Amino acid sequence: MRLQGRKICAGRAEGEALVTSMGISFYGGVDPETGEVVERGHALEGQCIAGKVLVFPTGKGSTVGSYTLYRLKLGGMAPAAIVNAECETITAVGCIISEIPCVDHIAIDYLKTGARVIVDGEQATVESVD
Amino acid sequence: MKLTQEEQEMLDGKHGRSTRKAMEILAALGVIYGAERMVPVTSVQVAGVSYDNLGEAGLHFLVDMAEGGGQARVLTTLNPAGMDIENWQALGIDAAFAERQTQVIEAFARMGVVTTCTCTPYLAGNTPKPGEHIAWAESSAVCYANSVLGARTNREGGPSALAAALTGRTPEYGYHLDENRAPGLTFEVLGRLEQTLEFGALGKAIGKQLEATEKKPVAYIRGISQASLENMKSFCASLATYGGAALFHIEGVTPEAGQFAPPAVSCCITQADLDEAIQSMNDASSEEVDFVSLGCPHLSLNEIAHIANLLEGQQVVKEFWITTARPTKVLADQLGYTRVIEASGAKFATDTCCVVAPIQGRFKALATDSAKACYYAFAKNKFKTMFKPFDEVVLEALGGRKR
(Lines give C-alpha, C1' and ligand atoms only; values in the text may rest on other atoms or scores of the structure.)
Protein backbone atom coordinates (compact mmCIF):
# COMPACT_ATOMS: atom_id res chain seq x y z
CA MET A 1 0.00 0.00 0.00
CA ARG A 2 1.40 3.35 -1.05
CA LEU A 3 -0.01 6.64 0.23
CA GLN A 4 0.67 9.96 -1.47
CA GLY A 5 1.06 13.06 0.68
CA ARG A 6 2.83 16.41 0.76
CA LYS A 7 6.57 16.95 1.20
CA ILE A 8 7.60 18.70 4.39
CA CYS A 9 11.22 17.52 4.63
CA ALA A 10 13.20 15.54 2.06
CA GLY A 11 15.07 12.30 2.78
CA ARG A 12 14.23 8.60 2.73
CA ALA A 13 13.88 6.24 5.67
CA GLU A 14 12.54 2.82 6.48
CA GLY A 15 11.36 1.66 9.86
CA GLU A 16 8.71 0.20 12.06
CA ALA A 17 5.62 2.37 12.35
CA LEU A 18 4.61 3.76 15.75
CA VAL A 19 1.11 5.17 15.33
CA THR A 20 -1.04 7.33 17.61
CA SER A 21 -4.24 9.24 17.11
CA MET A 22 -3.09 11.83 19.68
CA GLY A 23 -1.05 14.98 19.05
CA ILE A 24 2.55 15.05 20.27
CA SER A 25 4.31 17.83 22.16
CA PHE A 26 8.04 17.23 21.77
CA TYR A 27 8.92 19.84 24.39
CA GLY A 28 7.90 18.34 27.71
CA GLY A 29 6.12 15.39 26.11
CA VAL A 30 9.19 13.42 24.98
CA ASP A 31 12.35 12.79 27.01
CA PRO A 32 15.11 14.45 24.92
CA GLU A 33 17.74 11.97 26.14
CA THR A 34 15.94 8.66 25.77
CA GLY A 35 13.23 9.35 23.16
CA GLU A 36 10.60 8.02 25.52
CA VAL A 37 7.11 9.57 25.44
CA VAL A 38 6.59 10.94 28.94
CA GLU A 39 3.38 12.93 28.59
CA ARG A 40 0.94 11.77 31.28
CA GLY A 41 -1.99 9.90 29.81
CA HIS A 42 -0.65 9.90 26.25
CA ALA A 43 -1.47 6.75 24.26
CA LEU A 44 2.28 6.29 23.62
CA GLU A 45 3.35 7.00 27.22
CA GLY A 46 6.38 4.86 28.05
CA GLN A 47 7.14 3.97 24.41
CA CYS A 48 10.38 4.96 22.67
CA ILE A 49 10.21 6.89 19.37
CA ALA A 50 13.89 6.34 18.47
CA GLY A 51 14.34 4.79 15.03
CA LYS A 52 10.59 4.50 14.47
CA VAL A 53 8.47 5.96 11.71
CA LEU A 54 6.44 8.13 14.04
CA VAL A 55 2.87 8.63 12.85
CA PHE A 56 0.59 11.17 14.57
CA PRO A 57 -2.08 13.66 13.50
CA THR A 58 -0.27 16.91 14.31
CA GLY A 59 2.20 18.50 16.71
CA LYS A 60 1.30 20.73 19.64
CA GLY A 61 2.88 22.70 22.48
CA SER A 62 5.89 25.01 22.75
CA THR A 63 7.95 26.04 19.71
CA VAL A 64 11.04 24.98 21.69
CA GLY A 65 9.92 21.47 20.65
CA SER A 66 11.81 21.94 17.37
CA TYR A 67 15.03 21.89 19.37
CA THR A 68 13.91 18.75 21.22
CA LEU A 69 13.83 16.92 17.89
CA TYR A 70 17.29 18.31 17.10
CA ARG A 71 18.59 17.12 20.48
CA LEU A 72 17.14 13.65 19.88
CA LYS A 73 18.88 13.55 16.50
CA LEU A 74 22.25 14.56 17.98
CA GLY A 75 21.88 11.80 20.56
CA GLY A 76 20.85 9.17 18.01
CA MET A 77 17.36 8.89 19.53
CA ALA A 78 15.30 10.66 16.87
CA PRO A 79 12.52 8.97 14.91
CA ALA A 80 13.62 7.66 11.48
CA ALA A 81 10.83 9.64 9.84
CA ILE A 82 7.66 11.51 10.74
CA VAL A 83 4.26 11.14 9.10
CA ASN A 84 1.43 13.56 9.95
CA ALA A 85 -2.12 14.15 8.91
CA GLU A 86 -1.45 17.90 9.13
CA CYS A 87 2.06 19.10 9.92
CA GLU A 88 2.55 22.34 11.89
CA THR A 89 5.46 24.70 12.46
CA ILE A 90 7.12 23.00 15.42
CA THR A 91 7.41 19.57 13.81
CA ALA A 92 8.26 20.97 10.36
CA VAL A 93 11.07 23.18 11.64
CA GLY A 94 12.31 20.40 13.93
CA CYS A 95 12.46 17.94 11.04
CA ILE A 96 14.29 20.33 8.73
CA ILE A 97 16.97 21.39 11.20
CA SER A 98 17.41 17.74 12.22
CA GLU A 99 17.16 16.29 8.69
CA ILE A 100 14.36 13.89 9.55
CA PRO A 101 12.24 12.93 6.51
CA CYS A 102 8.68 14.22 6.95
CA VAL A 103 5.50 13.84 4.91
CA ASP A 104 1.99 15.08 5.75
CA HIS A 105 -1.52 15.04 4.25
CA ILE A 106 -1.53 11.29 4.81
CA ALA A 107 -4.61 9.33 5.88
CA ILE A 108 -2.83 8.01 8.98
CA ASP A 109 -5.68 5.62 9.89
CA TYR A 110 -4.31 3.28 7.21
CA LEU A 111 -1.00 2.89 9.04
CA LYS A 112 -0.66 0.36 11.86
CA THR A 113 1.86 0.17 14.68
CA GLY A 114 4.47 -2.49 13.96
CA ALA A 115 4.19 -2.38 10.15
CA ARG A 116 7.35 -1.86 8.07
CA VAL A 117 7.03 1.54 6.42
CA ILE A 118 9.15 3.39 3.85
CA VAL A 119 8.92 7.19 3.86
CA ASP A 120 10.22 9.13 0.87
CA GLY A 121 10.22 12.82 1.69
CA GLU A 122 11.11 14.03 -1.79
CA GLN A 123 8.35 11.98 -3.48
CA ALA A 124 6.04 12.63 -0.51
CA THR A 125 5.08 8.96 -0.33
CA VAL A 126 4.53 6.56 2.56
CA GLU A 127 4.61 2.87 1.70
CA SER A 128 3.59 0.04 3.97
CA VAL A 129 5.62 -2.98 2.82
CA ASP A 130 4.16 -5.83 4.91
CA MET B 1 4.84 27.96 -4.18
CA LYS B 2 6.55 30.21 -6.72
CA LEU B 3 10.16 31.05 -5.98
CA THR B 4 12.27 33.68 -7.70
CA GLN B 5 15.50 32.56 -9.33
CA GLU B 6 17.54 33.78 -6.35
CA GLU B 7 15.25 32.01 -3.87
CA GLN B 8 15.49 28.79 -5.89
CA GLU B 9 19.29 29.10 -5.87
CA MET B 10 19.22 29.46 -2.08
CA LEU B 11 17.12 26.28 -1.88
CA ASP B 12 19.52 24.49 -4.23
CA GLY B 13 22.46 25.27 -1.98
CA LYS B 14 24.23 27.78 -4.23
CA HIS B 15 24.51 30.24 -1.33
CA GLY B 16 25.91 27.73 1.15
CA ARG B 17 24.40 25.07 3.38
CA SER B 18 23.08 27.39 6.11
CA THR B 19 21.21 29.54 3.60
CA ARG B 20 19.89 26.34 2.07
CA LYS B 21 18.61 25.09 5.41
CA ALA B 22 17.08 28.50 6.07
CA MET B 23 15.23 28.45 2.76
CA GLU B 24 14.09 24.87 3.40
CA ILE B 25 12.50 26.03 6.67
CA LEU B 26 10.73 28.93 4.96
CA ALA B 27 9.58 26.82 2.01
CA ALA B 28 8.10 24.20 4.35
CA LEU B 29 6.26 26.89 6.33
CA GLY B 30 5.05 28.39 3.06
CA VAL B 31 3.64 25.01 2.02
CA ILE B 32 1.97 24.41 5.39
CA TYR B 33 0.30 27.83 5.47
CA GLY B 34 -0.54 27.99 1.78
CA ALA B 35 1.73 30.91 0.83
CA GLU B 36 1.96 31.58 -2.89
CA ARG B 37 5.37 33.22 -2.71
CA MET B 38 8.09 34.66 -0.52
CA VAL B 39 8.07 38.34 0.41
CA PRO B 40 11.28 40.33 1.06
CA VAL B 41 11.65 41.48 4.67
CA THR B 42 13.46 44.60 5.90
CA SER B 43 13.92 43.67 9.55
CA VAL B 44 14.24 40.58 11.74
CA GLN B 45 14.04 39.99 15.48
CA VAL B 46 15.34 36.58 16.58
CA ALA B 47 14.15 34.76 19.71
CA GLY B 48 15.78 31.76 21.33
CA VAL B 49 18.79 33.65 22.72
CA SER B 50 18.81 32.80 26.43
CA TYR B 51 20.85 29.65 27.02
CA ASP B 52 18.29 28.85 29.74
CA ASN B 53 15.73 28.29 26.95
CA LEU B 54 18.03 27.08 24.15
CA GLY B 55 20.00 24.42 25.96
CA GLU B 56 22.90 22.55 24.43
CA ALA B 57 20.94 21.49 21.32
CA GLY B 58 19.96 25.07 20.51
CA LEU B 59 23.55 26.26 20.93
CA HIS B 60 24.77 23.42 18.71
CA PHE B 61 22.29 24.41 16.00
CA LEU B 62 23.35 28.08 16.08
CA VAL B 63 27.06 27.26 15.97
CA ASP B 64 26.40 24.90 13.04
CA MET B 65 24.48 27.61 11.16
CA ALA B 66 27.34 30.08 11.75
CA GLU B 67 29.92 27.51 10.59
CA GLY B 68 27.80 26.85 7.51
CA GLY B 69 28.38 30.41 6.40
CA GLY B 70 25.03 31.92 7.30
CA GLN B 71 24.99 35.73 7.09
CA ALA B 72 22.12 38.08 7.93
CA ARG B 73 20.91 39.92 4.82
CA VAL B 74 18.77 42.48 6.67
CA LEU B 75 18.89 44.34 9.99
CA THR B 76 18.58 41.62 12.63
CA THR B 77 18.49 42.06 16.40
CA LEU B 78 18.19 39.62 19.29
CA ASN B 79 15.82 38.84 22.12
CA PRO B 80 17.05 39.11 25.71
CA ALA B 81 19.84 36.77 26.79
CA GLY B 82 19.97 34.86 30.07
CA MET B 83 22.31 37.39 31.67
CA ASP B 84 23.77 40.89 31.58
CA ILE B 85 26.58 40.32 29.11
CA GLU B 86 28.98 42.72 30.86
CA ASN B 87 27.84 42.44 34.44
CA TRP B 88 26.60 38.87 34.92
CA GLN B 89 28.61 38.20 38.07
CA ALA B 90 26.80 40.94 40.01
CA LEU B 91 23.50 39.20 39.19
CA GLY B 92 24.65 35.88 40.64
CA ILE B 93 24.90 34.04 37.30
CA ASP B 94 27.28 31.07 37.43
CA ALA B 95 30.39 30.95 35.27
CA ALA B 96 29.45 27.80 33.33
CA PHE B 97 26.16 29.38 32.25
CA ALA B 98 27.95 32.60 31.31
CA GLU B 99 30.38 30.68 29.10
CA ARG B 100 27.57 28.96 27.18
CA GLN B 101 25.56 32.18 26.91
CA THR B 102 28.61 33.94 25.50
CA GLN B 103 28.99 31.21 22.86
CA VAL B 104 25.36 31.76 21.82
CA ILE B 105 25.96 35.50 21.35
CA GLU B 106 29.20 34.83 19.47
CA ALA B 107 27.43 32.48 17.05
CA PHE B 108 24.89 35.20 16.26
CA ALA B 109 27.64 37.79 15.90
CA ARG B 110 29.45 35.58 13.37
CA MET B 111 26.24 35.57 11.33
CA GLY B 112 26.23 39.37 11.16
CA VAL B 113 23.43 39.82 13.69
CA VAL B 114 23.37 43.05 15.73
CA THR B 115 23.73 41.57 19.20
CA THR B 116 21.60 44.02 21.16
CA CYS B 117 19.60 41.64 23.31
CA THR B 118 16.21 43.18 23.94
CA CYS B 119 12.48 42.51 23.73
CA THR B 120 11.97 46.15 22.66
CA PRO B 121 14.02 46.33 19.44
CA TYR B 122 11.78 49.23 18.42
CA LEU B 123 13.46 51.29 21.18
CA ALA B 124 16.94 50.25 20.07
CA GLY B 125 17.14 51.18 16.41
CA ASN B 126 15.18 48.31 14.86
CA THR B 127 12.03 50.30 14.17
CA PRO B 128 10.09 49.34 11.02
CA LYS B 129 7.67 51.74 9.32
CA PRO B 130 3.97 51.15 8.60
CA GLY B 131 3.39 48.55 5.90
CA GLU B 132 6.91 47.08 6.03
CA HIS B 133 7.13 43.30 5.85
CA ILE B 134 9.28 42.02 8.68
CA ALA B 135 9.90 38.68 10.43
CA TRP B 136 9.90 39.03 14.19
CA ALA B 137 9.89 36.58 17.03
CA GLU B 138 9.25 37.70 20.65
CA SER B 139 5.50 37.76 21.13
CA SER B 140 5.28 41.22 22.76
CA ALA B 141 7.39 42.85 20.04
CA VAL B 142 5.37 41.11 17.32
CA CYS B 143 2.19 42.53 18.81
CA TYR B 144 3.77 46.01 19.07
CA ALA B 145 5.19 45.94 15.53
CA ASN B 146 1.89 44.88 13.94
CA SER B 147 -0.45 46.98 16.03
CA VAL B 148 1.40 50.11 17.12
CA LEU B 149 3.93 50.46 14.28
CA GLY B 150 1.67 49.08 11.54
CA ALA B 151 4.42 46.81 10.19
CA ARG B 152 3.55 43.25 9.11
CA THR B 153 4.81 40.09 10.75
CA ASN B 154 3.65 36.67 11.84
CA ARG B 155 4.68 35.26 15.21
CA GLU B 156 7.97 33.67 14.25
CA GLY B 157 9.83 31.09 16.30
CA GLY B 158 13.60 31.16 16.84
CA PRO B 159 14.65 29.09 13.80
CA SER B 160 12.12 30.63 11.38
CA ALA B 161 13.18 34.17 12.34
CA LEU B 162 16.84 33.24 11.86
CA ALA B 163 15.90 31.68 8.50
CA ALA B 164 14.32 35.00 7.48
CA ALA B 165 17.49 36.84 8.51
CA LEU B 166 19.76 34.58 6.46
CA THR B 167 17.59 34.79 3.33
CA GLY B 168 15.91 38.20 3.67
CA ARG B 169 12.58 36.50 2.97
CA THR B 170 9.51 35.17 4.69
CA PRO B 171 6.57 33.21 3.23
CA GLU B 172 3.63 35.46 2.45
CA TYR B 173 0.73 34.33 4.63
CA GLY B 174 -1.07 35.38 7.81
CA TYR B 175 -0.52 38.97 8.92
CA HIS B 176 1.40 39.84 5.75
CA LEU B 177 -1.93 39.78 3.89
CA ASP B 178 -4.58 42.53 4.12
CA GLU B 179 -7.48 40.13 4.67
CA ASN B 180 -5.99 38.75 7.89
CA ARG B 181 -5.51 42.18 9.49
CA ALA B 182 -9.21 43.04 9.69
CA PRO B 183 -10.75 42.98 13.19
CA GLY B 184 -13.36 40.37 14.12
CA LEU B 185 -14.44 41.30 17.64
CA THR B 186 -15.07 44.67 19.30
CA PHE B 187 -14.10 45.31 22.92
CA GLU B 188 -15.76 48.29 24.64
CA VAL B 189 -13.48 49.31 27.51
CA LEU B 190 -15.22 51.08 30.38
CA GLY B 191 -12.57 50.94 33.11
CA ARG B 192 -9.90 53.42 34.19
CA LEU B 193 -6.69 53.14 32.17
CA GLU B 194 -3.73 55.31 33.07
CA GLN B 195 -0.76 53.27 34.22
CA THR B 196 1.26 50.38 32.78
CA LEU B 197 -0.30 48.12 35.41
CA GLU B 198 -3.82 48.86 34.20
CA PHE B 199 -2.88 48.30 30.56
CA GLY B 200 -1.33 44.99 31.60
CA ALA B 201 -4.56 44.04 33.35
CA LEU B 202 -6.51 45.01 30.23
CA GLY B 203 -4.27 42.72 28.15
CA LYS B 204 -5.05 39.83 30.45
CA ALA B 205 -8.81 40.56 30.50
CA ILE B 206 -9.04 40.79 26.70
CA GLY B 207 -6.53 37.99 26.17
CA LYS B 208 -8.56 35.53 28.23
CA GLN B 209 -11.66 36.32 26.18
CA LEU B 210 -9.74 35.84 22.93
CA GLU B 211 -8.36 32.52 24.18
CA ALA B 212 -11.92 31.34 24.75
CA THR B 213 -12.91 31.98 21.13
CA GLU B 214 -12.36 29.34 18.50
CA LYS B 215 -10.71 31.46 15.81
CA LYS B 216 -8.92 34.11 17.89
CA PRO B 217 -10.20 37.16 16.01
CA VAL B 218 -8.22 40.41 15.79
CA ALA B 219 -9.48 42.70 18.58
CA TYR B 220 -10.90 46.15 17.83
CA ILE B 221 -10.77 48.15 21.03
CA ARG B 222 -12.82 51.26 21.83
CA GLY B 223 -12.88 53.57 24.82
CA ILE B 224 -9.16 54.34 25.11
CA SER B 225 -8.48 57.98 24.27
CA GLN B 226 -4.72 57.90 24.73
CA ALA B 227 -1.93 55.52 25.57
CA SER B 228 1.77 56.23 26.07
CA LEU B 229 4.52 54.16 24.47
CA GLU B 230 5.08 52.55 27.87
CA ASN B 231 1.38 51.72 28.20
CA MET B 232 1.36 50.18 24.74
CA LYS B 233 4.37 47.95 25.38
CA SER B 234 2.82 46.76 28.65
CA PHE B 235 -0.49 46.03 26.91
CA CYS B 236 1.17 44.24 23.96
CA ALA B 237 3.19 41.98 26.24
CA SER B 238 0.14 41.03 28.28
CA LEU B 239 -2.22 40.52 25.33
CA ALA B 240 0.35 38.30 23.59
CA THR B 241 1.00 36.30 26.77
CA TYR B 242 -2.59 35.71 27.83
CA GLY B 243 -4.34 35.81 24.46
CA GLY B 244 -1.70 34.69 21.96
CA ALA B 245 -2.56 37.85 19.99
CA ALA B 246 -0.24 39.21 17.30
CA LEU B 247 -2.39 42.18 16.22
CA PHE B 248 -5.09 44.49 17.60
CA HIS B 249 -6.51 47.88 16.71
CA ILE B 250 -7.43 50.70 19.12
CA GLU B 251 -9.84 53.27 17.75
CA GLY B 252 -8.16 56.67 17.56
CA VAL B 253 -4.81 55.32 18.78
CA THR B 254 -3.23 52.70 16.48
CA PRO B 255 -2.47 53.47 12.82
CA GLU B 256 -4.66 50.94 10.99
CA ALA B 257 -7.77 51.27 13.17
CA GLY B 258 -9.26 53.97 10.95
CA GLN B 259 -9.38 51.59 7.97
CA PHE B 260 -12.01 49.44 9.64
CA ALA B 261 -15.53 49.78 11.01
CA PRO B 262 -15.99 48.27 14.48
CA PRO B 263 -17.08 44.62 14.15
CA ALA B 264 -20.75 44.12 15.04
CA VAL B 265 -20.00 41.41 17.58
CA SER B 266 -18.84 43.11 20.75
CA CYS B 267 -18.15 42.57 24.41
CA CYS B 268 -17.46 44.84 27.37
CA ILE B 269 -14.44 45.12 29.63
CA THR B 270 -15.56 46.79 32.86
CA GLN B 271 -13.65 48.16 35.84
CA ALA B 272 -14.63 44.96 37.66
CA ASP B 273 -12.90 42.90 34.93
CA LEU B 274 -9.72 44.97 35.31
CA ASP B 275 -9.85 44.71 39.11
CA GLU B 276 -10.28 40.95 38.85
CA ALA B 277 -7.28 40.67 36.50
CA ILE B 278 -5.15 42.74 38.91
CA GLN B 279 -6.28 40.66 41.86
CA SER B 280 -5.50 37.41 40.02
CA MET B 281 -1.81 38.37 39.83
CA ASN B 282 -1.51 39.35 43.50
CA ASP B 283 -0.86 36.41 45.79
CA ALA B 284 2.33 37.55 47.53
CA SER B 285 2.52 39.64 50.68
CA SER B 286 5.12 42.35 51.19
CA GLU B 287 6.92 40.10 53.70
CA GLU B 288 7.18 37.35 51.09
CA VAL B 289 8.52 39.55 48.27
CA ASP B 290 12.29 39.03 48.00
CA PHE B 291 12.74 40.03 44.35
CA VAL B 292 11.68 43.24 42.63
CA SER B 293 11.95 43.83 38.91
CA LEU B 294 10.90 46.55 36.50
CA GLY B 295 11.42 46.31 32.76
CA CYS B 296 9.17 43.63 31.24
CA PRO B 297 9.17 44.62 28.42
CA HIS B 298 12.51 46.44 28.68
CA LEU B 299 12.35 49.93 30.18
CA SER B 300 12.35 53.10 28.12
CA LEU B 301 14.79 55.89 28.97
CA ASN B 302 11.83 57.83 30.33
CA GLU B 303 11.03 55.08 32.82
CA ILE B 304 14.65 54.82 33.94
CA ALA B 305 14.74 58.57 34.56
CA HIS B 306 11.65 58.19 36.71
CA ILE B 307 13.21 55.34 38.73
CA ALA B 308 16.33 57.44 39.31
CA ASN B 309 14.12 60.23 40.59
CA LEU B 310 12.32 57.88 43.00
CA LEU B 311 15.50 56.22 44.27
CA GLU B 312 17.69 59.30 44.69
CA GLY B 313 19.31 59.37 48.12
CA GLN B 314 17.64 56.14 49.26
CA GLN B 315 18.70 52.54 49.86
CA VAL B 316 16.85 49.51 48.56
CA VAL B 317 16.40 46.58 50.93
CA LYS B 318 15.47 43.91 48.38
CA GLU B 319 17.12 42.48 45.27
CA PHE B 320 15.94 44.97 42.61
CA TRP B 321 16.62 44.41 38.90
CA ILE B 322 16.23 47.21 36.37
CA THR B 323 16.04 45.47 32.99
CA THR B 324 16.62 47.32 29.75
CA ALA B 325 18.39 47.27 26.39
CA ARG B 326 22.12 48.04 26.16
CA PRO B 327 21.68 51.26 24.08
CA THR B 328 19.19 52.60 26.65
CA LYS B 329 21.60 51.72 29.47
CA VAL B 330 24.42 53.59 27.72
CA LEU B 331 22.23 56.69 27.57
CA ALA B 332 21.32 56.23 31.23
CA ASP B 333 25.05 56.10 32.02
CA GLN B 334 25.69 59.36 30.16
CA LEU B 335 22.74 61.14 31.73
CA GLY B 336 23.75 60.17 35.28
CA TYR B 337 20.72 57.96 36.01
CA THR B 338 22.85 54.84 36.38
CA ARG B 339 24.98 56.44 39.10
CA VAL B 340 21.90 57.42 41.12
CA ILE B 341 20.22 54.03 40.69
CA GLU B 342 23.31 51.98 41.52
CA ALA B 343 24.06 54.15 44.55
CA SER B 344 20.71 52.99 45.95
CA GLY B 345 21.78 49.36 45.71
CA ALA B 346 19.45 48.56 42.79
CA LYS B 347 21.07 46.63 39.93
CA PHE B 348 20.93 47.08 36.21
CA ALA B 349 20.22 43.77 34.49
CA THR B 350 20.92 44.91 30.96
CA ASP B 351 20.45 42.52 27.96
CA THR B 352 18.29 40.20 30.09
CA CYS B 353 15.14 40.10 32.19
CA CYS B 354 13.36 38.25 34.97
CA VAL B 355 11.61 36.00 32.41
CA VAL B 356 14.66 34.52 30.67
CA ALA B 357 17.41 34.64 33.33
CA PRO B 358 18.16 31.35 35.15
CA ILE B 359 16.67 32.32 38.53
CA GLN B 360 14.49 29.34 39.42
CA GLY B 361 14.90 28.52 43.08
CA ARG B 362 16.68 31.79 43.94
CA PHE B 363 13.62 33.77 45.01
CA LYS B 364 10.20 33.17 46.54
CA ALA B 365 8.11 36.11 45.32
CA LEU B 366 8.38 38.80 42.65
CA ALA B 367 7.02 42.37 42.77
CA THR B 368 6.49 43.92 39.32
CA ASP B 369 4.18 46.14 37.27
CA SER B 370 4.23 43.63 34.39
CA ALA B 371 1.38 41.19 33.74
CA LYS B 372 3.66 39.18 31.46
CA ALA B 373 6.35 38.91 34.14
CA CYS B 374 3.72 37.65 36.59
CA TYR B 375 2.75 34.87 34.18
CA TYR B 376 6.29 33.59 33.72
CA ALA B 377 7.28 34.13 37.35
CA PHE B 378 4.68 31.54 38.23
CA ALA B 379 4.71 29.29 35.15
CA LYS B 380 8.49 29.04 34.77
CA ASN B 381 9.92 29.78 38.20
CA LYS B 382 7.07 28.98 40.64
CA PHE B 383 7.32 32.41 42.29
CA LYS B 384 4.40 34.10 43.97
CA THR B 385 3.69 37.56 42.55
CA MET B 386 2.83 41.07 43.69
CA PHE B 387 1.37 43.11 40.81
CA LYS B 388 1.47 46.82 41.66
CA PRO B 389 1.72 50.20 39.92
CA PHE B 390 5.23 51.21 38.80
CA ASP B 391 5.91 53.67 41.66
CA GLU B 392 4.66 51.23 44.29
CA VAL B 393 6.98 48.54 42.94
CA VAL B 394 9.91 50.90 43.49
CA LEU B 395 8.57 51.56 47.00
CA GLU B 396 8.47 47.80 47.61
CA ALA B 397 12.20 47.59 46.84
CA LEU B 398 12.71 50.34 49.43
CA GLY B 399 10.92 48.24 52.03
CA GLY B 400 7.67 50.20 51.75
CA ARG B 401 9.16 53.43 53.13
CA LYS B 402 7.93 56.63 51.56
CA ARG B 403 10.55 59.31 51.01
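**Helix H13 of chain B**

I started with helix H13 of chain B, residues 371-379, where B:Ala371, B:Lys372, B:Ala373, B:Cys374 and B:Ala377 are buried (under 20% relative accessible area with a 1.4 Å probe, protein chains only; exposed is over 50%, partly exposed in between). Helices here are DSSP runs of H or I of at least four residues, strands are runs of E of at least two, and both are numbered from the N terminus. This is a predicted model, in which local features need pLDDT of at least 70 and side-chain atom pairs count only at pLDDT 80 or more, while totals for chains, interfaces and linings use all residues. Residues are numbered from 1 along each chain as its sequence is written, chains are lettered from A in the order in which they are written, and side-chain values use heavy atoms, with hydrogens and water left out.

Next I asked what the buried residues of H13(B) pack against. I found helices H5 (139-149), H7 (196-211) and H8 (229-243) and strands E14 (365-368) and E15 (384-387) of chain B; contact is heavy atoms within 4.5 Å.

**B:Gln195**

I then looked up B:Gln195, in the loop between strand E7 (183-189) and H7 of chain B. B:Gln195 counts as partly exposed because its relative accessibility is 32%. Leaving out residues up to four places away in sequence, B:Gln195 touches B:Asn231, B:Pro389 and B:Phe390.

**Strand E12 of chain B**

Is E12(B), residues 319-324, mostly covered or mostly open? I see six of its six residues buried. B:Glu319, B:Trp321 and B:Thr323 lie on one side, and B:Phe320, B:Ile322 and B:Thr324 on the other. Strand E11 (residues 291-294) of chain B runs parallel to E12(B), joined by four bridges; pairing takes at least two DSSP bridges. In this pair, B:Ser293 stands opposite B:Trp321.

**Chain B against chain A**

Last, I checked the interface, to which chain B and chain A each bring 16 residues. The two chains bury about 1500 Å² between them, 71% of it on carbon and sulfur atoms (accessible area lost on being put together, 1.4 Å probe, summed over both). B:Lys21, B:Ile32 and B:Ala57 supply 31% of the area that chain B buries against chain A, more than any other three residues.

I found one salt bridge across this interface (a side-chain nitrogen of Lys or Arg within 4 Å of a carboxyl oxygen of Asp or Glu). B:Lys21 forms a salt bridge with A:Glu99, with the closest N and O atoms 2.9 Å apart. Helices H2 (17-32) and H3 (51-67) of chain B each supply at least two residues of the side touching chain A.
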